[in-house]
Amino acid sequence: MRRTIVVVLCLLMAAACGGGQNGTSQSTTPKNGGSATIALENELRTLDPLDSSLLVEREVFYNMYDSLFTIDPKLVIKPGLVKQWDVADPVTYKFTLQSGVKFHDGTPFDAQSVKDNVTRYKTAANSRRKSDLASVDTVEVVDSTHVTFHLKKADATLLATLVDRAGMMLSMAALKAGGQNFSLSPVGAGSGPFQFVEWKRNDHLTLKKNATYWKPGLPHLDGLTYRAIPDVNAILAALKTGDIDVARTISSKDVAGLKADSNFVYRDMPALGFNGMELNTSAPPFNDPAKRKAVALAVDKYAILKNVYFNIGVVAYGPIPPSSWAFDGSEKVFDHGDAAKAKSMATGFTFTYKTTADPVLQQLAQLMAAELTKAGITMQVQSEDFATYQQECQNHQFQACNVNWSGRVDPDGNMYAWWHTGGDFNDSVYSNAQVDGWLDDARTTTDQTKRKQDYDNAQKQIVTDAPYVFSFFGTSAQISDNKIHDFTLYPDLMIRMAEVWKG
Amino acid sequence: MTTYVLRRLLLMLPVAFLVTVGVFLLIHLSRGDPALVLLGEDRSPQAIAAIHHELGLDQPLYVQYGIWLGRLARGDLGRSVITHQTVSDAILERLPATLELGVVALLWSLLVAIPLGTIAAVRRGSVADHLATGFTVGGVSVPNFFIGIVLIFVLSVSLHLFPFGGYVPLTRDPYESLRHVLLPAIALGTAGAAINMRFTRSSMIEVLNHDFIRTARAKGASWRRVVFAHALKNALIPVVTVVGLQIGGIIEGAIVTETVFTWPGVGRLAVESIFDRDYTVVQGIVLLAAFSYMFANLLVDLVYGWLDPRISYA
């Protein structure tokens, strides 16, 4: 009975996604066949979720591998390879798996696959998934379709984590067959809508339709080709010449032009990531909270969004984006730029802002410097090559750094590592016992109302203390030719092609 | 002759050793950390430490160098720190594109330089000479990336005569391959063409003043025969020297041109690897560049012997 309900639910979901739900483009009856070429902003480094760290890699993975869980465009956790779940207590998660799922190499997906994959992610020397799965103690195989995750401590973010790479299931036989070159040629490893064909670095990556995909009727396309085009202008040119069908990003200045062209589709929604600058609270001048606040007051987010990003995006007041259930639109500690108020807080000091040589980031730096001048604050811009800048910001060798975040499905991913004392991304060396308490509590409580309250409190305090000056949230966009249909936009920037068709 | 070549090859080893020390120190002492590049948004102190350990970056520099040199002695350049691809695969994959670009650029530079240089020398002070000299000054002083950008703007963007950037392998479609390679090759080869033209002209002028030219003329040989059969071959010795250095410098010159034209060759791989602090790949490419210089020099010395029989290495 339970299974029937789930199957019906799945079918309803599939139907809803094809029917113009929020985030979905207009559609008629899907056509099968054809292939789509998708632009990637950089070349991939690996095709193994185990050691992946790039957004573009995750984008390919979502079409090749299945995760234990999925999300809908509103970030609600939905079934994936896990059909049903039951949180018996905060440290025991019981999962019922889809049955009859096969990997592309023909081997079956079952409870043992889950255990083997999680063990591999947790123990392999080169695994980047260890911290994702740090809360997982053991995975117990109950029978072929049931597993139980035993946690070391309560972890409200577990299911969201299992949507992404840490929850992607690979065929152990394919891993073994691939050997040392697996990450370059993962033949037969996934169970997703498309399967790996070949990857010629710096040229193309090809996937073909998984004809025996476990979700009935999907995918519609016969194949996908990915091409790395590391220049936004070249991406737009390739879209216009028909060399690519879909892109994730183009330059903000070109959006209006593309929207006006009926041959193309551009639509967007707020993404999960935030943009702004981090201030080092452990060294002068920003060990003085008044100076941090003065900068937060003087920078005009609206001017940045309008002048540098052509209003593509949403003004940010804190780290949690409007796409999240934890978003609170009423919190506006710092709103429009206010030079007079900033001056009353602190003025007459100088600081150095580190960024890269990217032309748009240079414009941003110039605009901010001009605004800060109005408040009597001198901002010197120091441009460095990416690896140097990255290392200096991480090692707290800075006064101000332009560091942005691509965002995570669970609000914890936008908060904990950044502002908890000693957090992995706490470059600002920010520490506030109250904030630590709220963030810890939100991590271990499964009650969403309670968690939202925690995040509201923490967010307000962080913004007021200003270890980070928030400017805007980015967007997740459909940028394609008009032959692409049933493209569902997700805030996590991932381009999921299973339901997309061409015609 | 064989002994000479063998001795020269052996002499390359100490030079290569110094190059390896230099490049190893330079790239390892520069700021930036491949672990951070690798981890991106997944960075954590544990993950950084794990990668340092995995790559051996937690060892003292001389130990890291020793390990790398030991592998190199067995012909193993190691694996890319960033992509795990073997360095030799990474370079070999990109080498055909760079060679195609380099060869066409060199052909372009010689096809322009030798006839122009000869004409300028034979008709000294003529309009042709002045034009050729003007070309030289321009070719040497305008940087190749600028020539590249102008070519792209005029011939690809405005006139749509040539594709903008990109590479088509010669084996896939020779015609398209040539269409794609022409603009970057002109951008890369023009400075060389200017220098080669200058050398051809001055060397030719010198040779034309030699006694044997007068003798050849006195024997009744035609002016054309004198210029092309007697003078040119002798005039080419200094040209061969610079061309040799240019062959060795193909990778170096291609770094900028390949970036401008998004040409997937070794030069761009070098740039990407430097930005990513991909130590092993950078080391492999610099070593390759050093060896190409050394081999080009050896080749030049051997060609001398062919051009001028008085030079003998026996």
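This is a predicted model: local features need pLDDT of at least 70, side-chain atom pairs count only at pLDDT 80 or more; totals for chains, interfaces and linings use all residues.
Trainee: Let's start with one helix. Why does the span of helix α11 of chain A agree with its number of residues?

Mentor: Count the residues and compare the ends. Helix α11 covers residues 359–374 of chain A, which is 16 residues, and at 1.5 Å a residue they should span 22 Å; the end C-alpha atoms are 23 Å apart, so the two agree.

Trainee: Which residues of α11(A) are buried?

Mentor: Those are A:L364, A:A365, A:M368, A:E371 and A:L372. Seen down the helix axis, the buried residues fall within an arc of 130°, so they line one face of α11(A). Here is the general idea: an α-helix has 3.6 residues a turn, so residues three or four places apart point the same way.

Trainee: What covers the buried residues of α11(A), and which residues are exposed on the other side?

Mentor: The cover includes helices α8 (289–298) and α9 (301–307), along with strands β16 (350–356) and β17 (378–384), of chain A. On the other side of α11(A), A:P359 and A:A370 are exposed.

Trainee: How far apart do the centres of domain 2 and domain 3 of chain A lie?

Mentor: Their C-alpha centres lie 34 Å apart. The contact between them takes 11 residues from domain 2 of chain A and 12 residues from domain 3 of chain A. On the domain 2 side, the residues divide into 8 nonpolar, 1 polar and 2 charged.

Trainee: And how many residues of chain A are in contact with chain B?

Mentor: There, 21 residues of chain A are in contact with 25 residues of chain B. The chain A side divides into 5 nonpolar, 10 polar and 6 charged residues.

Definitions and conventions: Residues are numbered from 1 along each chain as its sequence is written. Chains are lettered from A and ligands numbered from 1 in the order in which they are written. Domain bounds come from an automatic or database domain assignment. Two residues are in contact if their C-beta atoms, placed from the backbone, lie within 7 Å. Ala, Val, Leu, Ile, Met, Phe, Trp, Tyr, Cys and Pro count as nonpolar, Asp, Glu, Lys and Arg as charged, and the others, Gly among them, as polar. Helices (H or I, at least four residues) and strands (E, at least two) are DSSP runs, numbered from the N terminus. The expected span of a helix is 1.5 Å times one less than its number of residues. A residue is buried if 20 or more other C-beta atoms lie within 10 Å of its own, exposed if 12 or fewer, and partly exposed in between; C-beta atoms are placed from the backbone. The arc is that of the directions from the helix axis to the C-beta atoms.
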